[in-house]
Amino acid sequence: MSGHKISVSGLSIECHEAPDADCRKRPNCEPEEWDTAGCRDHSGEHKLTTGHDCWLSEWVNGSGLEDSYYDFDKYPITPTPNAPVELINEHPDAVLWKYEEIPNA
Ligand SMILES: [Zn+2]
Ligand SMILES: [Zn+2]
């Protein structure tokens, strides 16, 4: 189950992951770039810490939902409020989103 969903307004993505989820880990020095070993700005001197704002949804919201949809030709004109979504990290260029596939009950 994804911890990410479309907001009530339908204009952005919200994160409901736990503070120790990967999308809420980053170094405290607020670097431009980091990886699992730590910040790249300072050669990994600062390790990842938990409880930050979600960088995945931040990235999508920064580009806008339309520009971040995984299949541009099929963009849903009106994103469904509260729908669970999957965020796809297309490193290093982009984070894309799509609706979470819910298995048939
Ligand atoms: Zn650093
Ligand atoms: Zn998140």
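First, the ground rules. The model is predicted, so local features need pLDDT of at least 70 and side-chain atom pairs pLDDT 80 or more, while totals for chains, interfaces and linings use all residues. Residues are numbered from 1 along each chain as its sequence is written, chains are lettered from A and ligands numbered from 1 in the order in which they are written, and side-chain values use heavy atoms, without hydrogens and water.

Domains next. The assignment gives domain 1 (1-17 + 60-105) and domain 2 (19-53); such bounds come from an automatic or database domain assignment. Taken over C-alpha atoms, the two centres are 23 Å apart.

Now the zinc ions. For donors, I count N, O and S atoms within 2.8 Å of the metal (3.2 Å for Na, K and Ca); water is not among the atoms, so sites may look incomplete. Ligand 1 is held by Cys29 (SG), Cys39 (SG), His42 (ND1) and His46 (ND1), at 2.0 to 2.3 Å. Their spacing in sequence is C-x9-C-x2-H-x3-H. Cys29 sits in the loop between strands S3 (26-27) and S4 (34-35), and His46 in the loop between S5 (38-39) and S6 (48-49), so the pair ties together parts 17 residues apart in sequence. Strands here are DSSP runs of E, at least two residues; helices are runs of H or I, at least four, and both are numbered from the N terminus.

Ligand 2 has His4 (NE2), Cys15 (SG), Cys23 (SG) and Cys54 (SG) as donors, at 2.1 to 2.3 Å. What is the arrangement of the 4 donor atoms around this ion? The angles run from 107 to 113 degrees, which makes it tetrahedral; for four donors that label requires all angles between 85 and 135 degrees. Buried means under 20% relative accessible area, exposed over 50%, and partly exposed in between, with a 1.4 Å probe on protein chains only.

Last, the core. A nonpolar core is a set of buried Ala, Val, Leu, Ile, Met, Phe, Trp, Tyr and Cys residues joined through side-chain atoms within 4.5 Å. The largest one has 17 residues, and those touching the most other members include Leu56, Val60 and Leu65. Helix H1 (55-63), strand S7 (84-90) and strand S8 (94-99) each give two or more residues, with H1 giving the largest share, 3 residues.

Terms used
Tetrahedral: all angles 85-135°; square planar, octahedral: opposite > 155°, others 65-115°.
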